[in-house]
Amino acid sequence: MSTFYCEGHSTTERNATFINQFCPISVDENAKAPFDFGIFLDSLKNNITREIHFGTKLSYSFWWGLRNLSNFGTNLQTSTYVWETCFAVFISVIGLLLFLYLIGNVQTFISMETQRWEEIRNKIQLKERDILGWMERNDLPDDMKKQIMKNINDKLVENKDADLENIFSILPVYTKKFLKRLLCMKTLKKVPKLERMDEIVLKMMCDNLKPVIYAEDTPLLQIGDPIRSMLLITEGTILIYRTTSNDTKKGSISSSPSVSNLGKGDFYGAEELIEWVTQDKDFGQLPCSAFNVKCDSKVEGFVLSAKDLKSVVAKCENWWKVGISKSDQNKC
């Protein structure tokens, strides 16, 4: 800095006053400076007031502000100039408010995370017994049990509102494939025409299964309805019956001699659909249900649609024909 502003007076070369020798920025260690530059001393020493690159000025100014805000302006050495002191106080207050705002946000975040983890833990505890019971009833291997519980924990961490009613919805693809084969392979082999079917075909059928859950008293089919998918039951029971509407109103379904129960490991619609696809009929000729079908309790299982069954047969046509032929011969 080589000149200063003289309020209303002209500052041409003739009346400009050079102050470097009267108000030096740097003085000897033991000497007293003739003028106190206060908080501006660092900027003057670094020549920030001169004509230098804008980026240099900006970066230095940013760093100066950040440094003093972060320590609440305690490093500022002010002069006795009132407005300079007020500016230093302003920096100190703003720094303190920003610090309090940060602390408040951190506390809020910690509180929300703690609450979220508590909800996840409670949700896992509530469902853990049911999930473990489901895995025990289906004789899952220990390593698969651990993997399923890990997947459930990871899913709840990702989304604490994840639906645990249908475990399959939160499992990875390879785990779903393994479980469908484990749970449904034996049931498929119970179907008369699939007793001697090749494992490759049965595995493809398992891979195309879709998990379903039905509430108690849910009607699935009525007499004469087209069977659009076969149902393999893994939990719960369904009723198949032939009753009139009058019998239904009287509540005599369960006491009727024409009522049958199908439970875990049973199937419905498989024989009809296999006969239909073997005869290579189109979708307008789907077999019709000979019974009314209704859930007697909450039912969990898998369905294989007529479309997916036809796709499997098309891909494994030769194996399918051989398997059907062997099963028919075995039946004879």
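**Exercise 1. Work out how H6 passes H9, and which residues make the contact.**

Solution. Start with the handedness: H6 passes H9 in a right-handed crossing, where right-handed means that the near helix is turned clockwise from the far one by less than a right angle, and left-handed anticlockwise. Helices here are DSSP runs (H or I, at least four residues), as strands are (E, at least two), numbered from the N terminus. Next, take the geometry: helix H6 (residues 199-207) and H9 pack with their axes 10 Å apart, at an angle of about 150°. Axes are lines fitted to C-alpha atoms, for helices over the stretch in contact, and angles run from 0 to 180 degrees between N-to-C directions. The angle therefore makes H6 roughly antiparallel to H9; the classes are roughly parallel under 35 degrees, roughly antiparallel over 145, roughly perpendicular from 65 to 115, and oblique for the rest. Finally, list the residues: Val201, Met204 and Met205 of H6 meet Leu309, Val312 and Lys315 of H9, with contact meaning heavy atoms within 4.5 Å.

A note on the model: it is predicted, so local features need pLDDT of at least 70 and side-chain atom pairs count only at pLDDT 80 or more, while totals for chains, interfaces and linings use all residues. Residues are numbered from 1 along each chain as its sequence is written, and side-chain values use heavy atoms, leaving out hydrogens and water.

**Exercise 2. Describe the packing of H8 and H9.**

Solution. First, find the helices: H8 covers residues 270-278 and H9 covers residues 306-315. Their axes lie 10 Å apart, at an angle of about 50°, which means that H8 is oblique to H9. The crossing of H8 and H9 is right-handed. To close, look at the side chains: Leu273, Ile274, Trp276 and Val277 in H8 meet Ala306, Leu309, Lys310 and Val313 in H9.

**Exercise 3. Find the aromatic pair, then see where lysine 310 sits relative to its rings.**

Solution. A search of the whole structure gives 1 aromatic pair. Tryptophan 276 and phenylalanine 283 form this tilted pair, at 5.4 Å centre to centre and 50° between the planes. Rings of Phe, Tyr and Trp (its six-membered ring) pair if their centres lie within 6.5 Å; planes under 30 degrees apart are stacked, over 60 edge-to-face, and the rest tilted. The test is NZ of Lys or CZ of Arg within 6 Å of the ring centre and within 35 degrees of the ring normal. Last, check accessibility: tryptophan 276 is buried at 2%, whereas phenylalanine 283 is partly exposed at 43%. Buried is under 20% relative accessible area, exposed over 50%, partly exposed in between (1.4 Å probe, protein chains only).

**Exercise 4. Locate aspartate 139 and aspartate 217, and give their phi values.**

Solution. Keep the background in mind: most residues other than glycine have a negative phi. Aspartate 139 has a positive phi of about 55°. Its place is the loop between H3 and helix H4 (142-158), and at 62% relative accessibility aspartate 139 counts as exposed. Aspartate 217 has a positive phi of about 70°. Aspartate 217 is found in the loop between strand S1 (210-214) and strand S2 (219-221), and is partly exposed at 45%.
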